[in-house]
Structure formats: C-alpha cells, structure tokens
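This report describes selected local features of one protein structure.

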Amino acid sequence: MTEQPVERDLREIGRRVLAARADTLERGETFYPGPSRIHLASFPPKERWDDWVELDSKSWPERSERRYMLVPTTCFNCESACGLLAYVDKDTMQVRKFEGNPEHPGSRGRNCAKGPATLNQVTDPDRILYPLKRAGARGDGKWVQVTWNEALDEIAARIRKAIVEERQNEIMYHVGRPGEDGFTERVLASWGVDGHNSHTNVCSSGARSGYHYWSGIDRPSPDHANADVILLISSHLETGHYFNPHAQRIIEAKERGAKLIVVDTRLSNTATHADFWLAPHPGSEAAMNLAVANYLIQGDLYDRDYVRRWWNWEEYLARERPEAAPTFEAFEELLKELYAGYTFEYAERETGIAAATLEEVAAVVASAGTKLATHSWRSAAAGNLGGWQVSRTLFLLNALLGAIATEGGTFPNAWNKFVPKPIHTPPHPETWNDLTWPLEYPLALNELSFLLPHFLKEDRGRVDVYFTRVYNPVWTNPDGMSWVEVLTDETKIGMFVALTPTWNESAFFADYILPMGHASERHDVHSYEQYDAQWIGFRQPVLRTARERRGESIGDTREVNPGEVWEENEFWTELSWRIDPDGSLGIRQYHESKATPGTKLTVDEYYGWMFENSVPGLPERAAAEGLKPLDFMRRYGAFEIARKIGAVYEEEVPPQELEHVGESSFGRVYTAAPKPPATNIVPHGAPEGDGEGRRPVGVRIDGRILKGFPTPSGKLEFYSSTLADWGWREHAIPGYIKSHVHPDDLGPEGMVLISTFRLPVQIHTRSANAKWLDEIAHTNPLWIHPSDVERLGIDATDLVRVETEIGYFVVKPWITEGIRPGVVACSHHMGRWKLGGHPRGQGQMMATVNLGREDGGWKMSRKSGVAPYESSDPDTKRIWWTDVGVHQNLTFSVHPDPISGQHCWHQAVRVRRAEPGDSYGDIFVDTDKAAEVYRRWLELTRSADLVSPDGTRRPFWLMRPLKPAKAHFGLPDEVAQR
Ligand code: SF4
C-alpha cells in the first residue's frame, strides 16, 4: 500500500521526537523539573530563554527556523495570575505567542484557554490605542483624539482643586479585578482621599464575611493536592477562584484517590468530575453544611481537643449562656442542642437532596479528618440573602475536624500569600467617604459600590472625578440603567475617566478614555493563595524587557506598547506629580525617587527597591545567579518565598514580643512591646488594643502564648461578639438564613434564576476582544429543565421572556437535565452591546442596539448581531456567528445583604413564552421600580447610628480597603449627638 503524505509526515515527526529525546538523554537531561518539581519536559529550559529556536509551523515541510526571546509575564484574564511566557520574535521584536511559564510556582507552566488568548487581546483590531475625549454630549459616541499631556493636565487640575477645597471624597477610583497588590491604594492614600471603590460587593464579599468572622482573615486557601476529601461549593475545576492552579492540584488529589464533592445546582464541568454531585435548591447550601456539621457533632466525630483549644467557646458561654457551667463539657452539651435541629431530613426539605445521600456525604467528610479541603467563593455566598453563612458553615466543618492549616486542610489565605512592602508608605487618609461606606452597612467588608447610583440620586453626595479601571459598571453591576442615568448626569458625576484597553458599555458614557495595557504591557506584583506556600509574581511589559535585554534603554512603557497605550503605574506617578507639581500638598514626596530626590520615581526603582528590601530570600536567590533581584524577576517572572507554611497560629509568640503583657479574661494576650518591622503586610483584620495602648499579640492556650488568629478573641470565633454587639446577635454563631429566593417566597409561578456562572473560556467584561475565545463561546441561552419546559408549554425553538422585579429580557432556551427543575440559569459573560450610531466597539462580540425610554422605562432592542467586517486582522472577515447573547444584568435590581453588603445575585423570576411582539435580546427596565427595591432592601439594615456599641461607624478590627485613620471611625458629630 502506498504511504500517504500525512502518514509520511507523522512518521517523520515521530523520528525527530525520538532523536530529540535520545539527544536529551545523551546530555544527561532526563527532564526539566522547574520549581514545581514535576515533569515539564515540554517547556523550553530557562537556560535557553534568550535564544529559543522553533520551526515555523506554517512553513512545513520546509524547516524554517524562528528565533525567540522568551520573556515571562502574568496573565491578566482572571484572578489566578498564572505565569505566561511571551515568545518575542527576534526578527520582528513582536510577540508571536504566549504559553505557560514553567518557573511560576502557582500555575506550573499551565494555562487555561484564556492565557494564550492574551495574544488576541494585544493584536485586537478594535482596541483603544490613543487617549480619547468626548466631543458631544455623554453617550453621543463622538470622540476626538487628544494627547496624554492634555488629558493629564485637565484631570490633575480637577483633582487638585477638589483636594485644595477639601472635597477629597469627590474623587473616586472604581476597580474591578485589580490584578496587583496595593499600588493604586498607595496612590489614593498619597492623595489623602478615601476614594477606593471595588467590585468586591458584586463578587466575593459574602464568602469573605463568612471566613472573616471565623478567623479574622477573609479567604480560604485549601491544600487540595494533599487532601483526602475536597468539598467545593463552586464550579472550581473550570472557572472558580484560582481555578487553574487549584484545578491541577485537585486532579492530583483525585489521582491519589481523594474524594471530590461538588455542590452546584447546575451540572457544571466540575460536577462531571465529582464523586458526589449535589444540586441543592439555590440558597439552601448552609442548611446542607449544618446537617453535615450536626452529624459530626451528634456522633462525636469532631476533634474535641481542637475545638476545646481553639474555639472561643468560653466567650460564648459567658456572653450567651451565663447560667451554664463554664466548662468545655457544658459547651459540648449545648453544641449538641444548638445544632440538633439540622437533621438530614430537615436538610432534605430545604435542599431537595435525599437525606440518605446527605448522610453518605457526611460520612465521607467525617472520614477526611484533618485532610478536608473546602472552598466556597462567589457561587451560593454571592447569590443569596445571608449567603455569607454558606462560607461560615462550610468552614465550621474544617473547624470541627481541626482541618485548618493542616496538610490537606484549609488555610486562612493570609498565610499563603505575600504582599511586599513598597518603597513609600503614605499615611491612612484623614477622611471617611459615606458614598462607599454608608452608616447603614457597618459590617460590610467592602464598599457598597453597586448602590452608588441610588446614593447619588438621593443627593448623599456627588463625585467630581470618577475613574474606572478594569471595570464596566453599566454592564457588570445589577441595575445598569440606573448607572447610565447617573453617568449621563454631570451634576452627579463631574468627570468620568475610563482607564481601559478596550471599549465597554460604561466607557461609551465617559469624558476621557485612556488606553491601558494588557497583561504583557504593564507592571504589577501579586501573590495569591494557591497551595501551602508563599510566592510573588511579576507582570511586566515584555517588549520593554526584551529590548532592554538587547541593550536598548527604554524611557516609559509607551515606547514599546502599541499606539500610545500606557501602563497605569507610570500614569499614576505622572498624574500625582501634576496634581502636586511643587510638592506643597505633600503628595509628590510619595512619588519621588529615593535614589535621586526631586525626580520622579521610576518603575525600575519602585520594583527594584521592593525586590531588594522586602522579599525574603529573593536577593540571595538572585545573587546565586549573578543577578540583581529586579533582573531575576524580569528573567523568571515569579519567586517562591517559602513552602509548607503550616499552622502559623500554633506558633509561640517570641519572648521579645512579650513585654508588659496584659491578658483578657478569655486568654487574649496584649503587649506594649514595639511592633516588629512588617515585611508581610497582608491586610487582614487588626484587632483592637486593650484600651491601655497595648496591642494584641497572641492568645494563651493551655498555658502557652501562641500567635492565634487576628480576631478579637485571638481564637477561631464560633461566636462572633462583633455580630452580637452590632445588632445581629441572632446570627452570631454559624447558622442558616433563608434566602430571598427561598421556595416559601417564590409564589406559584416563581422560579429561581442563577445568573452568575462563568464559562471556562470567557471572563466577565474583559475577554470579548479575544477572537479564539469568542469563536468557542459567544452566547448565553437559558438553561431550563425538560419538566419546566413541559409545564410552561414552550419548546426549543421558542423565545422565552424572563421577568424580574424591575423588567424582563428575552432569551433562547436550552433544554437540559443539567439543571434542577424549578431553577433556570444563564451565564453572565454574554450580551455585550454598543449603541446604534456609535462607530466604535468590539466588533466580534458586541451587538448593536437601540436604547430609549418607552412605556415608563428603558427599552433596549437589538438592531443587529455581529457580522464579518474589514479590519487589520483578516480573521474578522471570517466571523460566522451573529448571536452574542443577552445582557440579563440590566434587568436585576440591587439586593445588598444587610450584613455583608454583598449583592445577592439570584433572582426570583417568572419564565414564560415570549409575547408575539418580542424579539431576541429585548430588554425592558423600570428604574423607578429599581429604586423601590433598593429602598426595600435598605430597610433590612441595622444602621451604625442605631446599633454601634461604642460610638464608631464600624468595628475597627474588620478588614477595610484603604483604611482611614482611626480618628475617622467615629460616628459623624451630627449623628452621635442625636
Ligand atoms: S486561569 Fe486562565 S485566565 Fe486565569 S490567570 Fe490562569 S491562564 Fe489566565
């Protein structure tokens, strides 16, 4: 038989692979271990990163060599911050592709599809390359190109004026995923403004609250790789928090035989890998956790000694059960009483999961002992009223088994993360911003960002300069039309500056659009809790580093980036100098060089100082290779500082810290010794002193003074005195709060809409400019169970109307058994749009829409989907899809949880066949109704002026980004005097 050309090619490839392997073995290189100590034979050895040769795949069968310089950076497409290697073509000095960085200890050379798709973002033909200023009314779509100088001068003058006139609170910076540790907070602190506004209350503050009340630290760090049982309340293997670094470690655990339990109402890809897939009624997850906890408690299956040593049970007894004997045995009896009602039968009624299944799962959890890795992040904690109790009750399982900071257990994140100290540390702002931290939410962990339009409409204040960065509030937040209303009102927002690499729905209403760099076009440092270790990663403009390796000298990043794209760090430094050109406002000093006083701080000096002075072990590691620390980070992109951090809370407090010791009745130990110099300034809670100027330093456990947890008691707070003292005594211990979408409140036609799930290949508002990803996933049909389809009398070809409290959207159904009956789900990535008449936008993923007032509300209708178009990228002529999904978030009203402040995303909806006049993508929203819903949820709060036990606005120990000086924690005078 004649050999076909393809077979011949394959044979040739096989021969060459074998020859290459023989060559490798001959040189004694069996495999390339990298820092991860796993087999990474397919990665280019780091010794060859200056001159890496590959055959050009497109030239086959010609052997056409291409030579690359490999430069590391960090992916910016999700919070995982995986390492990337940019392949810089040495002939063109352009990036030809991105692959994984084997030197990165978190991601270990691996990426999801979004990592390599960074190339699409860099070469996106629709990206914004020059500063733009609006030329008509806001939202008219008319823009003129301006110089950076023009933009900087106008913005700086406006900020300076506000600061000089003591209107500091009118400056606001609203950030989505920051992707950096502390740079911009430092800038805002240097300006003396309490102007940080984050996306966290539409993302993770529910989960954070639950963890924070336990341990004083707001995130979990599960040691998945070493766990025996992994319990996830999320779709973690495909899209959850830190999912690629976690997913690879979860799979390692599964290979060892670990059991995987996945709680997800939707059949996610993660659920398909589970030993147990539990699909509870949305909002009932805490009841399920408590049934498992009760099984451990009633069966004496918990670690008694751990609970005795580390829970603040003595405080609970003293405060809540003073009649009981102050003994651990008495507490255990009460514990059994407290949770006896959470039987499997009760949980079955709440969750819809069979009691026998729950019992089986509980037995698996019990078998884990200290090797129980658990994780809950957005998901249920971000979906429901009281969602913060989902993470609090999940962590209860770890706390019962002693599976905290153990091998295979769950760590508080701060111990598996490292935030280096910067060259300058400005003081805490001397002001408090009520627009982001209102009195009604004294316990919210993050800013009430998504209520801003309502606060502005109520004239609680105004914003004079509003920055958005990696953030698109009109599209991302609930109630986007209320955002449009305030963004187009110059009396409420004086100037809107959108810092963004790409067009987005909010930027259309901006005054300035300033083009910022993608992952390979900017500097950042970051560190995330992904296993039991601490590492830092370094994002860098790769073309700058490549050209510097060739001996060129680069001034600022604009010299190497496309068009006039800048990086934020250099932008902030320049802006700060223009706000305070002569230094008289005290701002400039924090943006000046230390090496050459009176000149601007450069990114080289900023990061050079940081890596030299505040990253333990890095200078020595760099010196071993004859490098300076900054050069080491530019070469490898990441550094692992320490492994096997272990149980920090069990460590003894060093004797030198124990001067003038005082002690509370429950063992909290205070010291008057000076604070040791901070190297790791992870922002966790800062418990109050003892009233005599002494600071908490440890906790006495069985006679020894141990470091403990950064909670008021120093222990794990089963009982939160903070919740009790601030008006929420009924929720002071882990419990179950019935969700706003509880079946009791749904009504006969009500269904629950899950609107928050990610798709593996898209990421919120930032990946629509990645053509490879868009081709794979571009629409968001409504997941609906066949039994619901039958009940509602619709079929697969119908359109359906999904009606919310404030409007409706029209979408296509996707009939699947992968969702619970009575529940529908719609991914939140899709439904991007641009207004008709706007010449600009993301051509691959934005539908063109009409938007106007109609029938007492806002009506959006689709003019056209996407279509092939001419651009610098020939692939845009090959676009075959037209459908880009529906923007459901516009039809959601705000649902701020009264305790955590988290927006509760789940919607109680009515689903029915679309009406005859309805078209795909139609959206209707009544913002008056949105205001009513806002007021209804506001009534659920217990305001600081009514409940504060000590005349402050908020417990000082709770975490808070950009914490103001302590003096500003007091209630405002006019409130305090009431
Ligand atoms: S998980 Fe994917 S998107 Fe996220 S940082 Fe890693 S490669 Fe990038």
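## Backbone geometry

Glu166 counts as exposed, at 66% relative accessibility; buried means under 20% relative accessible area, exposed over 50%, and partly exposed in between (1.4 Å probe, protein chains only). Glu166 is found in the loop between H3 and strand S7 (171-175), where helices (H or I, at least four residues) and strands (E, at least two) are DSSP runs numbered from the N terminus. Although Glu166 is not a glycine, its phi is positive, at about 55°. This is a predicted model, in which local features need pLDDT of at least 70 and side-chain atom pairs count only at pLDDT 80 or more, whereas totals for chains, interfaces and linings use all residues. Residues are numbered from 1 along each chain as its sequence is written, and side-chain values use heavy atoms, with hydrogens and water left out.

Ser379, in helix H14, also has a positive phi, near 35°. With a relative accessible area of 26%, Ser379 is partly exposed. Most residues other than glycine have a negative phi, and most peptide bonds are trans. The bond from Trp60 to Pro61 is cis, with omega near 10°; Pro61 is placed in the loop between strand S1 (52-55) and strand S2 (65-74).

## Helix H5

Helix H5 spans residues 205-215, and eleven of its eleven residues are buried. The elements that cover them include strand S9 (220-222), strand S13 (372-376), helix H14 (379-383) and helix H15 (388-401), through contacts (heavy atoms within 4.5 Å). Strand S14 (410-412) and helix H24 (721-725) are also among the covering elements. Just after H5, Gly216 takes a positive phi of about 80°.

## Aromatic pairs and charges over rings

Rings of Phe, Tyr and Trp (its six-membered ring) pair if their centres lie within 6.5 Å; planes under 30 degrees apart count as stacked, over 60 as edge-to-face and the rest as tilted. The count comes to 55 aromatic pairs. One of them is the edge-to-face pair of Trp148 and Trp566, at 4.9 Å centre to centre with 70° between the planes. Trp148 lies in helix H3 (residues 148-164) and Trp566 in the loop between helix H19 (542-549) and helix H20 (568-579), so this pair ties together parts that are 418 residues apart in sequence. Trp148 is buried at 4% relative accessibility, as is Trp566 at 2%.

Trp214 and Trp311 are likewise edge-to-face, at 5.5 Å and 65°. Because Trp214 belongs to helix H5 and Trp311 to the loop between helix H9 (304-310) and helix H10 (313-320), the pair links parts 97 residues apart in sequence.

A charge sits over a ring if NZ of Lys or CZ of Arg is within 6 Å of the ring centre and within 35 degrees of the ring normal. Lys600 meets this over Trp577, at 5.4 Å from the ring centre, and Arg960 over Trp432, at 4.5 Å.

## Nonpolar cores

A nonpolar core is a set of buried Ala, Val, Leu, Ile, Met, Phe, Trp, Tyr and Cys residues joined through side-chain atoms within 4.5 Å. The largest has 94 residues, of which Trp311, Phe331, Leu716 and Phe718 touch the most other members. Apart from it lies another core of 70 residues, including Tyr441 and Trp858.

## Ligand surroundings

Residues around the ligand (a heavy atom within 4 Å) include Cys75, Cys78, Cys82, Cys112, Lys114 and Phe243.
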